[in-house]
Amino acid sequence: MLLLGCIKEVSDYELVISLPNGLSGFVPVTQISDAYSKMLSKQVAQEELLEDLSSLSDMYSPGMLVRCIVTSVEKSADGRRSVKLSIDPKKVNKGLNASALALGMLLSGFVASVEDHGYLIDIGVSGTHAFLPRQKAQNYIKAVKRGPDLKIGQNLNCVIVEVKNEGRVVRLSIDRSEVAAALATERQNWTLSNLLPGLVLKARVQKVAPLGIKVSFLSSFTGIVDFMHMDPEKSMNYSPDQVMKACILSIHPTSKVVRLTLRQSFLHPGGSPNQLSNDRMGAVVEESTVKAFYKQFGAVFELDDGTLAFARSKHLSKTRKSFKPGAFKTGCKHKCRIIDYSLMDEMCIVSLKYQIIEARFLQYQDIHTGDVVQGKVLALKPIGMQVKVTDGIKGLVPSMHLADVVLKQPEKKYNIGDEVRCRVLECNPAGKKLILTLKKSLVQSKLPVLSNYEDAKPGLITHGFVVCAREFGCIVKFYNDVKGLVPKNELSSEPISCPDKVFHEGQVVKVMVLKCEPQQERLLLSFRLSGKPALEDKKECTSKKKQEVKYQIGEMVDVKVLKKKDNGLEVSILEDEGNVIASIPTVHLSDFVVNCKLLWHCLQEGDVLPRVMCLSDKGEHIILSRKSAVISAVQEEQVVRSFSEIQPGMLLTGYVRNVMPFGVFVEFPFGVTGLAPKMSMSDKFVTDTKDHFVVGQTVIAKVMSIDEEKQRVLLNLKVSECSLGDSAAESFALLNQYFKEMKEIRNLLRRRGEPSMAQGLCELVPGKELQLVMQDVKEDGSALFSGSCVPGLTVTATRYHLGDKNIVSGEKTKALVLHVDALTSKVYVSLREELLKQRAKQVCVHGSQRTPSTLPSCST
């Protein structure tokens with residue numbers, strides 16, 4: 001059977017074709033043309049890609065009309081019919097011979113070869129040499145914009161402009177204006193044996209009936225225009241003997257019944273039918289109005305936007321017994337759902353079935369990675385289990401994912417038709433590929449789904465499955481083919497010498513993300529789940545509006561504190577009128593770890609922080625930093641912006657990202673990360689790495705070496721190796737910054753209007769002299785004091801700082817403030833005479849120029 005079809009989808013191996021009356025068919029890649037098939041065979045034989053072999057997507061696109069012939073109709077396991085088609089001109093044009101070729105004929109042709117002056121075209125007629133001059137193709141090439149030349153295997157609408165030697169040589173044109181004007185006439189001597197779909201001709205109305213129109217054409221032929229292919233604007237105005245343009249849709253090979261269309265989109269060859277917008281597919285229409293009911297076929301509806309839709313009889317009710325014809329009188333209203341769109345009928349296909357209207361999934365696009373779905377077992381194969389999710393959606397459960405353990409005989413556990421609950425590992429709507437898992441640990445997991453590298457934030461804990469266990473560690477896979485490495489030292493708190501004997505392929509594991517480089521698709525993981533997940537609650541993240549404003553790394557902004565969280569501050573950027581939300585991790589509030597906690601404690605909602613630097617901007621998650629040393633390094637261009645800029649010997653300012661037993665990971669602005677091995681961490685001997693560094697600590701690191709192939713950087717953190725120049729100047733600058741921040745903290749406490757205890761903390765600074773009363777002496781020799789200047793505070797002097805004084809409870813004494821711990825409300829003092837005398841001497845020398853609030857102090 002010959003049919004006119006419209007390309008609906010294009011994949012690497014087939015074309016999906018929309019056929020008249022809501023049907024669909026498939027054209028395999030081997031059914032395009034002889035020349036294209038030969039090139040495919042050549043590529044397979046050579047086992048390498050051919051430069052002049054174009055993919056189907058390079059030559060074909062949705063909306064193109066093509067002539068097809070049915071090659072077979074197969075029935076699938078679930079009872080659905082699959083229509084196989086061919087667009088090969090030798091099959092489509094088999095009714096033509098050289099002597100039948102005439103001027104003005106519109107034929108399907110395929111590029112067979114590219115020559116100097118034009119193209120050899122395969123029109124499927126034996127003994128005919130068809131040539132397309134280059135000048136006759138230029139307008140078409142410019143219009144379709146598929147490159148500077150036609151491609152072998154490309155389908156063309158060709159008009160015969162010259163016939164020589166009784167049809168053995170023909171010259172063609174594909175000029176769009178000539179093709180659009182092509183009209184089949186009696187002079188071209190068409191017969192029922194060579195008539196072709198896609199021909200546009202003049203037809204005369206013979207009879208108008210409820211289901212369609214009977215027409216005559218080309219003098220001696222008759223045909224049928226069914227109700228779906230009348231022009232919607234003229235469907236009630238056809239009358240006998242009326243002459244109009246029509247296009248042939250199909251020719252039945254045995255009955256010779258010819259069906260035609262009067263729809264405007266098909267009346268100009270080379271055009272394409274109207275398409276449905278993607279957002280309407282799957283939409284539920286609350287009220288659709290019945291326009292016409294056809295007992296044996298179905299009903300035509302008018303949707304809420306005025307477009308027409310068709311529902312087949314089986315989609316009008318749940319079962320045949322529950323069908324009520326009276327409910328489908330003209331004007332009746334029904335709730336329906338758009339389940340498809342027929343390009344050839346220019347109509348939505350709808351269903352009134354309750355189970356389809358309420359269905360969670362209708363097409364592959366509705367399914368997302370991580371979704372839990374119900375399915376029915378269709379088949380058990382060596383590669384896994386085929387599962388039917390809905391009538392139009394099928395998925396595969398690979399053998400490794402049939403259970404938490406590998407099943408040697410899955411047929412003993414599962415039967416055809418069994419209901420199964422699966423989780424989506426991967427969904428590719430374009431390729432109609434759906435990969436599922438039946439592993440109970442994954443299906444029931446309440447942990448976040450990791451489906452892309454951007455979501456792999458350090459500290460995230462999730463479930464994955466082992467795909468490889470070797471001497472270097474384990475490779476763990478997640479959703480959407482995201483995978484990462486668990487190094488040998490992160491497999492357990494105890495050493496594991498042979499990981500392949502402990503872990504097996506397919507094993508479900510709980511892992512924590514240590515580090516991720518999304519651009520390189522590199523993920524470092526750990527089975528040691530110490531530490532709290534660093535990710536926000538997923539629902540909170542998805543509910544936030546996507547921020548469109550982008551900030552450059554190093555850009556300075558002023559921010560306002562919105563909310564205090566366990567791991568930092570949520571702030572709004574004032575430059576954008578508070579519409580852009582960002583975060584300052586606690587460890588990025590200061591270069592000094594102790595000040596980070598103090599600042600977090602003191603800052604409150606509504607406080608404004610000036611000149612904070614953008615550290616990273618990933619669209620929805622902007623990270624800011626107040627680390628002065630890091631900000632200075634960026635502003636003075638003492639940074640590297642990519643791995644390629646790193647050179648051995650460089651001194652870079654960064655911050656500790658992670659502390660591991662084998663060393664310290666240091667991150668620098670712009671995302672470059674390096675490792676300082678245990679032996680290069682300190683000038684002192686390192687027993688436990690956690691005794692030397694903490695996460696968030698600002699450091700200066702020296703680049704020792706780089707591995708370009710593995711994109712690795714080795715660092716040195718020894719103080720003796722990492723001086724930027726004048727060590728004394730560096731130390732005083734850091735100390736000065738510390739004092740500035742302590743002054744800022746005191747000011748924050750004062751502004752707070754806190755109780756007397758907090759106010760007292762503000763007034764106490766290192767170096768201030770106090771009048772105290774001895775309260776008690778502890779077992780370790782330290783003493784506790786009280787006084788009117790320290791209400792509610794714990795004041796302590798260690799045994800060493802009591803000096804030679806032998807005081808008793810209740811005795812008054814002078815003491816000098818050494819350190820104030822605002823977080824614990826503790827004050828450490830000294831009673832030693834040498835310190836008190838030095839303090840008195842300073843006051844005498846400097847007088848009023850130096851007040852207690854400006855005296856230097858030592859940080860602990």
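Which residue in β22 is the bridge partner of K381? I began my notebook with that one, and I kept in mind that the model is predicted.

**Entry 1: strand β21 and its partners**

I looked up K381 and found that its bridge partner in β22 is G384. Strand β22 covers residues 384-390 and pairs with β21 in the antiparallel sense, over 5 bridges. The two strands are joined by a hairpin, and 2 residues make the link from β21 to β22.

I then turned to β24. For K376 I noted E419 as the bridge partner in β24. A reminder to myself for viewing these strands: side chains in a regular strand alternate between the two faces of the sheet.

**Entry 2: cysteines**

How many disulfides does the structure hold? I found 0. A disulfide needs the two sulfur atoms within 2.5 Å. C468 is in no disulfide either, and the nearest cysteine sulfur, in C474, is 7.7 Å away.

Are these cysteines buried or exposed? C422 has 0% relative accessibility, so I put it down as buried. C468 has a relative accessible area of 16%, so it goes down as buried too.

**Entry 3: positive phi outside glycine**

I picked out D241, which is not a glycine and yet has a positive phi of about 75°. D241 sits in the loop between β13 (221-226) and β14 (243-251). Its relative accessibility is 54%, so I counted D241 as exposed.

N480 was my next stop. Its phi is positive as well, near 60°, and N480 is a residue other than glycine. I placed N480 in the loop that lies between β27 (473-477) and β28 (483-487). With 32% relative accessibility, N480 counts as partly exposed.

**Entry 4: F643**

Where is F643 found? I traced F643 to the loop between α11 (628-635) and β36 (651-660). Is F643 buried or exposed? Its relative accessible area is 14%, so F643 is buried.

I also listed what F643 touches, leaving aside neighbours within four places in sequence: V672, I706, D707, E708, Q711, R712 and V713. Last, I checked F643 against A311: they are 332 residues apart in sequence, and their C-alpha atoms are 60 Å apart in space.

Conventions
Residues are numbered from 1 along each chain as its sequence is written. This is a predicted model: local features need pLDDT of at least 70, side-chain atom pairs count only at pLDDT 80 or more; totals for chains, interfaces and linings use all residues. Side-chain values use heavy atoms; hydrogens and water are left out. Helices (H or I, at least four residues) and strands (E, at least two) are DSSP runs, numbered from the N terminus. Buried means under 20% relative accessible area, exposed over 50%, partly exposed in between (1.4 Å probe, protein chains only). Contact means heavy atoms within 4.5 Å. Two strands pair if DSSP finds at least two bridges between them.
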